[in-house]
Amino acid sequence: IVEAISSAFLSCSNYGKTIYLNNISDSITVKSAKFPTSHYTEPHIQPDDILQISVQTLDPQTNIMPGTVNTTIFTTQPTSSAANTMQQQPAIAGYLVDQNGYIELPMVGRLQVGGLTTTAARDAIRDKAAVYYKDPVVNIRFANFRVTVLGEVNRPAQYIIPNEKVSILDIIGMAGDLTIYGKRDNIMLIREINGEKHIARFNLNNSDILESPFFYLRQGDIIYVQHTKSKSAATDMVKARNFSFLATGISLLAVILSRVTFN
């Protein structure tokens, strides 16, 4: 009974706080509305990043170098997906960026990619690969674009994202959304920029989140969802109920023992 009453009370009191972007008027259901959004910028490659890179040629028959086997194609395949958590993933395959920003590629050799976007790195690799391959086609992306989600979500974990353009709303969706006790008006994001930790906060109840410069995530971001006071209250109620049951049981046991003793 106590749980039912507390659940009903909490659901009524928190209903308005569980609706995302609730400052948007209902009148736009008749026609769409436009809102300013954050400008997306490509993330830059950093030391310890792992890159999935493939180089292919359109005409492999004309690209066999003298004295070698056919080396017209090399590729790495990632071993993870956005739906998997770190606990379920084997080691990630790819090319590790060293502390000086370099990677070592077959045939192409050592190449500096640190500080570049994946688009710029793709162009640099293609220019070097063109010395050995005819019309090389290069694809590159992050194999370890990790984002960690903690706190009041249904699936807290560290996620590897299969693409670079992912928003705070995307990662919350991957984590199974917030629990009913998640504090939607104060989501914390922790990001490292040039060796310094930066903290931003989001209010999912307000459309201003779309304009935040932190709306699009970067590799290594940490999202923390704090629980509301109602969870603490509900937890206290459960503890009080359990204590009451325990006290009642002890009292009943004492009565039984006293009667057995007197008899």
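Here are legends for a handful of close-up views of this predicted model.

**View A. Three rings, Tyr40, Phe215 and Tyr216, form a cluster linked by ring pairs.** A search through the whole structure turns up three aromatic pairs. In one of them, Tyr40 and Tyr216 have ring centres 5.2 Å apart and planes at 75°, so this pair is edge-to-face. Tyr40 belongs to the loop between helix 1 (2-14) and strand 1 (50-57), while Tyr216 belongs to the loop between strand 10 (196-202) and strand 11 (222-225), so the pair ties together parts 176 residues apart in sequence. Tyr216 also pairs edge-to-face with Phe215, at 5.1 Å centre to centre and 75° between the planes. Phe215 and Tyr216 are both buried; for Tyr216 the relative accessible area is 15%.

**View B. Arg191 and Asp221 are joined by a salt bridge.** The closest N and O atoms of Arg191 and Asp221 are 2.8 Å apart. Look at where the partners come from: Arg191 is in strand 9 (residues 187-193) and Asp221 is in the loop between strand 10 and strand 11, so to follow the chain from one to the other you cover 30 residues. Arg191 is buried, at 7% relative accessible area, and Asp221 is buried too, at 0%.

**View C. Lys197 and Glu192 meet in a salt bridge out in the open.** Here the N to O distance is 3.2 Å. Lys197 counts as exposed with 59% relative accessibility, and Glu192 is exposed with 51%.

View D. The whole structure has five salt bridges according to the search, and one of them brings the side chains of Arg122 and Asp123 together at 3.6 Å, N to O. Arg122 is partly exposed, with a relative accessible area of 29%, and Asp123 is partly exposed at 27%.

**View E. Met107, Val131 and Tyr132 make a nonpolar surface patch.** The patch covers about 270 Å². Val131 is in the loop between helix 2 (118-129) and strand 6 (136-142), and Val131 counts as exposed, with 65% relative accessibility.

**View F. The charged end of Arg110 sits over the ring of Tyr102.** From the charged end of Arg110 to the ring centre of Tyr102 is 3.9 Å.

**View G. Arg146 and Tyr159 have C-alpha atoms separated by 5.5 Å.** Along the chain, these two residues are 13 residues apart. Arg146 is part of strand 7 (residues 146-151) and is partly exposed, with a relative accessible area of 26%.

Methods. Residues numbered from 1 in each chain as written. Predicted model: local features only at pLDDT ≥ 70, side-chain atom pairs only at ≥ 80, totals over all residues. Heavy atoms only, no water. Helix = DSSP H or I, 4+ residues; strand = E, 2+ residues; numbered from the N terminus. Buried < 20%, exposed > 50% of the residue type's maximum accessible area, 1.4 Å probe, protein only. Phe/Tyr/Trp six-rings, centres within 6.5 Å; stacked < 30°, edge-to-face > 60°. Lys NZ or Arg CZ within 6 Å of the ring centre and 35° of its normal. Patch = residues over 30% accessible without salt bridge, like charges linked within 9 Å, V, L, I, M, F, W, Y side chains within 5 Å. Areas by Shrake-Rupley, 256 points an atom, 1.4 Å probe, with all protein chains shown as cover. Salt bridge = Lys/Arg side-chain N within 4 Å of Asp/Glu carboxyl O.
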